[in-house]
Amino acid sequence: APTSSVRCETNAPSCGAETPWFLSLPFLPRRTRPPNDASVSQQPAPIRNVDAENLAAMPEAIVTLGEPAGSKEGFEAVSLNNKDQGSPDEMSYMERVAERVNGALTGFFFRVGLSIGTTPRKWLVGTFLVFLVFTTGVAYPGLTNENRSEKLWVPSDTQAQKDLTYVDGLYGSDARFGEVIVKPADGESALRPEIFEKMKTLVARIEAATVEWDGKTLTWSDQCFKVGFRCALSHFGIAFIGMAATDYDTEAEIVARANANPLRHLRTQMPINVDGVMGGITRDASGAITGAKALRIGFLTQNNEVVVNGDGEDLRGDAYEQVLLDILNEPHEGLDLSFIVQRSFSDEFGNAINADLGLLQAAFVLILTYAALMLSKWDEGCVGSRVAVTFSGIVAIGLATGSAYGVCSMFGLFYSPLMNVLPFLLLGVGVDDMFVIVNAYDLETGRNPSAGLPVRIGRCLASAGASISVTSATDMFAFLIGSNTSLPALRNFCFYAAFGILFTFFFQCTWFVAWLTVDEWRRARNGRDVLCCLTVPKNACCVCCAPRPDGRTKMGRWMGDVMGGFLAKPVVKVATIAAFAAIAAGGFAGCALMQIDADVNNFIPGGSYLKEWIGDTNTLFRSLGDGISIFTRDFDITTEANAQTLLAASIAFKKNPHVAPESVRSWLEAFNTHRNSTGAFANTELWSFVTSTTGGSYFNDIVWRNETNSVPSAGILVARITGNHVKSDTSNEKVRSMDSLRASLAAVPGNENGAIFAYSSAWLNYEQYKAIEQEAIRNISSTMAVMVVIIAFLLVNPKAVSVTCFCLCLIIVNIIGYMHFWGLALDSVTIIMLVIALGLSVDYAAHIGRAFMETHGTPDERLKLCLENMGVAVLNGAISTFLAVLLLSGSRSYVFITFFRQLFLCILFGLTHGLILLPVLMSIANPKPYALGAFGHG
């Protein structure tokens, strides 16, 4: 790149030495020249690709020296009249602002680097003390764990969260559920006597299950959840209780019983929902049942959950369910079983995650290995190896992670399993910073090998520190803006990530640079890497690693001359813009088609027994969906008006199109039928009904103010009516069912104050589904906005900011759009991974954009130089992340598979846009570069 000749005027003996680059920085204070200075002419070192004629024609710059080099004062600032920079009068206001911001930023990092290069040991001790101060938060006040899904993934201000507190406080937590789907192994009808008898035998084994717990033998009667006075156990066999065995020993008799209208429990006269106990029902033209593909056994057990370290535990329930799982996993001749119990989801999901921990460990090792290989200077053999330096960078990431955890703990932010992804994110960001710093140092050493180590470290950090400031600040503020989410887990993760990136930036610029300085001491005396006490000659390890005469690396030369030269051709620029326009068209199309959906089946690993149960439920039992109930709140149901209002609400509940009418169990309607009346009633009447054989199954639906063995004269505290949603397959349908039922109850006359409301534990998930669309739009738009603001503040130049932000927006659009084409929808997992991917994608565009602003020359020369100087570091950072991400492609976990796909798209689009499209567009826009010499270039 072109440069300027410099005439040095001083009486100092060292005037003939190399003029320090920072003498021309515009931010340094001006000081008048001491008298009696002598003038000495100095010609700069020859610059590659600049002929003698052009060199002779270059303007001069006067640099006046006062105090010795390295002092903070004593320099007269000057401006260099470079053909592509322009004089201050020719620069626009924004360009002058850019120079001031750039000068302040690089000046700060130069002074920090100069200090680190002079006294690295002090910086190592000081930064480690910083780590100790902040990481104390992990011990005190300590991390607060939170693993309960309703506390992680449900917005805290939703109606369902408020209703949960009310309902659980009165009825207690939901019982533990279990279900067995019994299918004939031959695929024929399940209403045959032999299948029916085997189902009854299986029910008997469930009721005979026992477990040793706390020195006692727990039986089914001890552990089952009782509805009224009976254990909650439903199956088709209860329709035959009290009948002689000879009354159902043929298929015709069993089918006839299934067609009874209404089908009732013979002793209690409670109705039995056929769709709840039989699946895959076949009917004739008149609607009569002719057969069924499966029979269902449903049961409830007691929930004795306690919260320990933020996680709900019910060890007694888990132990009993393990006995049931052992029974169900046994071979059952002639039957094909699919089943689930409460602990199944956590078992299978946890097993999938634990199985992938080995992949994560391998990913860490792979990143470390690749970074060590690419950061080393193998043209110096063992002397040029930088394994120890690489390890110090990984330690810096560990220090940043511990500091972030400590600070967040001090602020009272809970720790969730989602935070386990944070080290992987910080590893990607930190390794990228390592490549940028080492690449800047090697470039500086190649340009000015005779400069002192502190000066080279200072110039390295002036360039690299300013560059990673752009990416780190953008990432950090993007996560801080993302913390404005209503999902508690995502909100806390954003805070952890923001602090993690801040500390990664701090420790890479201090701890890592200090170790890099110490390692340069080792290289200066030809010490071996790691075994630094041993010395060896600086010989290339092989012929392919032999140093080049011009000091350029093979990768840098290829990216600058070959790749950059190819992109500099006008026809290639046109083709590049056309190709990326087509890619963007696909991205926009994918964004338009992107769906918001959440399927619990996604979280179950392939080969799990839960896959079969979910499949059978979705294909054979299509009528009934999630359970739902309506509740009263501060509502005296014994009065005439309120009893009529509750009855109207019960009818509205049953008539709602999203509720299966045959599933509704209304104690009020049964009670009115029993007493042959409606309207007001006495507490004694209702008590007598729910404690009788006829109404005993409704006993748990009423909560009395003072429940005793006598009549609870204090009255009713709360009552509920239960039912089921109609089966729905998509998140949008489930959200509509929730909103529809709330609207139906709100429209009931007399319920204007919402004293009768609907609630289901499944609605906690529905609220999450409802919030995801808003969260996606808010997080993505706010993240993009803050990225633009930070890049604009740090790059300032309007053209550079516009081009960089344009490419960044295209990267984001393409990541989201092609997620759709890869089978991903927006859910709680993809939203989190998307925020991470957006943060990482900044690195690819911002580094190249700033590198272009650092280079001088013609637009095409700047294109080549920015790729040579920064492209290698960006490529290495991307490859190291990609190698680790590639390992996750073999995961069985939905979380890690999603992580792989989204980060793959992030790397693919980030790298192609950053290394191909952005340099092309920057060469076309050709923004004016920063002051010559501000980064040690030129």
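The protein exposes about 38500 Å², and carbon and sulfur atoms supply 59% of that area; accessible areas come from the Shrake-Rupley method with a 1.4 Å probe, and for residues only the protein chains shown count as cover. This is a predicted model, in which local features need pLDDT of at least 70 and side-chain atom pairs count only at pLDDT 80 or more, while totals for chains, interfaces and linings use all residues. Residues are numbered from 1 along each chain as its sequence is written, and side-chain values use heavy atoms, with hydrogens and water left out.

**Overall fold**

- The protein has 28 helices and 21 strands; helices (H or I, at least four residues) and strands (E, at least two) are DSSP runs numbered from the N terminus.
- Of the 938 residues in the protein, 54% are buried; buried means under 20% relative accessible area, exposed over 50%, and partly exposed in between (1.4 Å probe, protein chains only).
- Among contacts in the protein with a separation of 6 or more, 79% come from residues 24 or more positions apart, where contact means heavy atoms within 4.5 Å.

**Nonpolar cores**

- A nonpolar core is a set of buried Ala, Val, Leu, Ile, Met, Phe, Trp, Tyr and Cys residues joined through side-chain atoms within 4.5 Å.
- The largest nonpolar core has 155 residues, and those with the most contacts inside it include Phe424, Leu425 and Phe899.
- Helix 26 (residues 828-854) gives the most to this core, with 18 residues.
- Leu425 is in contact with Phe479, Phe493, Ala497, Ile836 and Leu840, leaving aside neighbours within four places in sequence.
- A second, separate core of 52 residues includes Tyr171, Leu686, Phe689 and Val748.

**Val436 in helix 14**

- Val436 lies in helix 14 (residues 422-447) and is buried, with a relative accessible area of 1%.
- Val436 touches Ala464, Ser467, Ile468, His847, Met870 and Ala873, not counting residues up to four places away in sequence.
- Val436 and His847 are 411 residues apart in sequence, yet 8.7 Å apart in space, C-alpha to C-alpha.

**Helix 28**

- Helix 28 (residues 894-925) has 32 residues and reaches 43 Å from its first C-alpha to its last, close to the 46 Å expected at 1.5 Å a residue; the expected span is 1.5 Å times one less than the number of residues.
- Helix 28 bends by about 35° at His913, the bend being the angle between axes fitted to the seven residues ending there and the seven starting there.
- Because 24 of its 32 residues are buried, helix 28 is largely enclosed by the rest of the structure.
- Just after helix 28, Asn926 takes a positive phi of about 50°.

**Disulfide**

- A disulfide joins Cys224 to Cys231, with an S to S distance of 1.9 Å; a disulfide is a pair of cysteine sulfur atoms within 2.5 Å.
- The torsion about this S-S bond is about -55°, so the disulfide is left-handed.
- Cys224 counts as buried at 1% relative accessibility, whereas Cys231 counts as partly exposed at 23%.

**Backbone geometry**

- A cis peptide bond joins Tyr140 and Pro141, with omega about 5°, and Pro141 is found in helix 3 (residues 120-142).
- Asn261 and Pro262 are likewise joined by a cis peptide bond, with omega about 0°; Pro262 lies in the loop between helix 8 (251-258) and helix 9 (274-277).
- Asp214 is not a glycine but has a positive phi of about 55°, and Asp214 is exposed, with a relative accessible area of 69%.
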